[in-house]
Amino acid sequence: MHLLPHSLRSLAASSVALLAAAFFLPACSSKTTGSSSSEDLLSFVDPFIGTGEHGHTFPGATRPNAMVQFSPDTHLIGWDASSGYHESDSVIYAFSLTHLSGTGIGDLGDVAILPYSGADTLRPIAQFDKAEEAASPGYYSVRLKNFGIQTELTSTDRVGLLRATYADSTDRKLLLDLGHILQPNWGHKVVGNDFRLVNDSTIVGTYYTKGWAEHHQMNYILRLSTPADSIALYRDGDRQRLSTGFAIERDTADLKLHLYLPKGSTPYLVKVGLSAVSPEGAERNMQAELPHWDFEAVRTESRRIWADLLGKIRIETSDTAVLKNFYTALYHSHIAPFNYQDVDGSFRGMDKAIHKNPRPEEGHYTVFSIWDTYRALHPLLTIIAPDQALRYGKSLVSDYDEGTILPRWPLASNYTGCMPAYHSVSILADLVAKGLATSEDLRHWTEAAQRSSIYRADLAEKFAGTRELDLITRHPYYKERYGFVPCDSVPESVSWGVEMAYDDWCIARIAEAAGLDSIAKAYDQRGLYYRRYWDRETNLMRPVKGDGSFLTPFNPRFSAHEKSDYTEGNAYQWSFYAPHDMEGFLKLMGGREVLERNLDTLFTTSSRIDGAEQSGDITGLIGQYAHGNEPSHHIAYLYNYTAAPHKGQAILDTVLRHFYKPTPAGIIGNEDCGQMSAWYVLSALGFYQVCPGKAEYTIGRPLVDKAKIQLPKGIFTIEVRNNSKENKYVQQATINGRDITESLTFTHKDIHPNSKLTIVMGPKPRR
């Protein structure tokens, strides 16, 4: 979705008001959360937000960072099948137990079941109406209208529980579809099945797939509340009756099991336990988490868990749209990464071997959309859940221990190599900067970071012929050899070049904390390599050829997805990326005035994107600023490095109010595993961290009137005075009584028990 601003040709103080006026939203009904219980916060969460357009979220039942995301699969093919669900659909193929939240690539959809009635068909498909669908944290329900079945889902961390109420008590059936997959047109396929019919109420098996995750297997146990009358297997369409003890191993046929259930008017329940380790692990997980059949007890427990989490941030505002956007964003910020470990601490590592976590209570995690989430999700967690933030960092280092390289986008014990650079080091550096890493970790973390920042010929050989080879590109090789990435050698050279410079600065910070000064010095020097791309003639980051000259001809509006010099963007969006060296960046471009002019141009130029293969990720445009994709997320805050921070405040007001809405189409781009939502949470609170790894926050444009953030040992309070839709400009700011109006910055150390950030707003720019 491209949004072209109206009558915006400069962002001088006289015209800033036009920006907000173009997207002014009417006032919402009043409601305040100040004195409400945590349970009340659940009413502001709408899991359907982001399921329309290209948000790619799912509405199903899950718990925070859980292995199970039990959700309907309504969309199997194409980009909008990334989560298995799209708001525009009216059919359900199955309810499967694993999903990705807001990604641009699809996978998972493991262990698919569907209750049905009526005539036997190989693959029954349910129909439904949106009016008969509902979702809340930990719960999903829908009426399958062609079957007359009310279907409800809830879950624990590793077990999904389905409750089906059949209108026809004499015709109750269940499909277990072992050929089900999401996005089969993108190379995702089932490559084998093991399963064993233990008895007439229990099936165990292993589901093997190949796709974005090269080698994925999910083990399961399926248990019925009452035994089936009979079970039939369709193997490539051929039907056979099964009896207890029947088993197959690595069968590559299309397998569908039809379970014929006993007659009855009471609801029928099915529970499925998962494990990435073994079927025995799945059974242990089920026994530990769901030994009973009490659906309402599970649903109630899920509500309590989500309510406790949402209660970590309690906001006050008179705008119900803000309440719904905020708490749904906080909800979406806690779906991924998810715990890939069994209850006993066993997990499948990046080497595909089984490991045992010596601290099973910490968990072992997968589904890190790191290129997205290092920017806001992980910084948010260092404030509201520092222990969890540290667990994520340790899990990434565990991936290094198993696979000898930090991951870029780990998925189900697989390296995917998705997106540029090696931003695991950013997550680690931010933990170090905020004092969350222990001293004994630092040397090992430095080693992991170093080995992940260079070209790894050994891994290129190891991963040859697999999707995991995508992890080993030649961009780091060129960086090490030339100090820049030549655009006539590899695509996306500029994005890789500037992001590797930032990551190398992050490595320097880890090494510095470890006392490894020579390593820190070397990586600090590499952190300046971004400068090689700066072109004073165009005031943009410009591709550099192998002979050292800038690429000619050069069109800064041009985009070709995965083929041009910029990842999911163009030169405009990528020319403001040097978060670790803003002082040096300002000198390079010619000072604060030049930065202000460049930002003005970015936000007011035409929103036209050139190129027949332009990236579909370039959405949410204001000029050439693209909020729907992550490289733009810090840019409005860069006005704080100029003499005109009010311009950034006006932009943030527009983004917060127009690009986030409490509707299915309410997220302007892919949700990306919590990044779009975490940006909203931080920005609505009034601050943002431009440079993870530097424990400093900068003030923006708060939406909330007040917030109380639960820290491990106290409360951090945010008070916004004179706040309204008209009063969008910061007049004064203090942190713990210290005036920060000039700098608009404060540090992570300023956030402590009984600390307070006060922001005073007004209708006009401060100056």
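So, the two domains: the C-alpha centres of domain 1 and domain 2 sit 35 Å apart. Domain 1 runs over 50-305 and domain 2 over 311-760, with bounds that come from an automatic or database domain assignment. Keep in mind that this is a predicted model, where local features need pLDDT of at least 70 and side-chain atom pairs count only at pLDDT 80 or more, while totals for chains, interfaces and linings use all residues. Residues are numbered from 1 along each chain as its sequence is written, and side-chain values use heavy atoms, with hydrogens and water left out.

Okay, how do the two domains meet? On the domain 1 side, 47 residues are in contact with 44 residues of domain 2, contact being heavy atoms within 4.5 Å. Together the two domains bury about 3,400 Å², and carbon and sulfur atoms give 57% of that. Buried area here is the accessible area (1.4 Å probe) that two parts lose on being put together, summed over both. Within domain 1, the residues that lose the most area to domain 2 are N65, W212 and V277, together 22% of what that side buries.

Now the polar side of things. There are 22 residue pairs in polar contact between the domains, both residues at pLDDT 80 or more. A polar contact is a pair of N or O atoms within 3.5 Å; within protein, one must be able to donate a hydrogen and the other to accept it, and residues adjacent in sequence count only if both atoms are side-chain atoms.

Which elements give two or more residues to the domain 1 side? They are β14 (216-224), β19 (268-275) and α3 (279-289), and α3 has the largest share, 5 residues. These helices (H or I, at least four residues) and strands (E, at least two) are DSSP runs, numbered from the N terminus. By class, that side has 16 nonpolar, 23 polar and 8 charged residues. Ala, Val, Leu, Ile, Met, Phe, Trp, Tyr, Cys and Pro count as nonpolar, Asp, Glu, Lys and Arg as charged, and the others, Gly among them, as polar.

Next, what does UniProt say? An unreviewed entry puts "domain: Glycosyl hydrolase family 92 N-terminal" at residues 44-275, and that stretch is 0% helix and 46% strand. The entry also has "domain: Glycosyl hydrolase family" at residues 281-763, and there the chain is 39% helix and 13% strand. UniProt positions are in the numbering used here, feature names are shortened, and annotations may be inferred rather than shown by experiment.

Most residues other than glycine have a negative phi, and most peptide bonds are trans. But A336 and P337 are joined by a cis peptide bond, omega about -5 degrees, with P337 in the loop between α5 (320-332) and β21 (338-339). T552 and P553 are also joined by a cis bond. And K352 has a positive phi, near 70 degrees, in the loop between β22 (346-348) and β23 (354-356).
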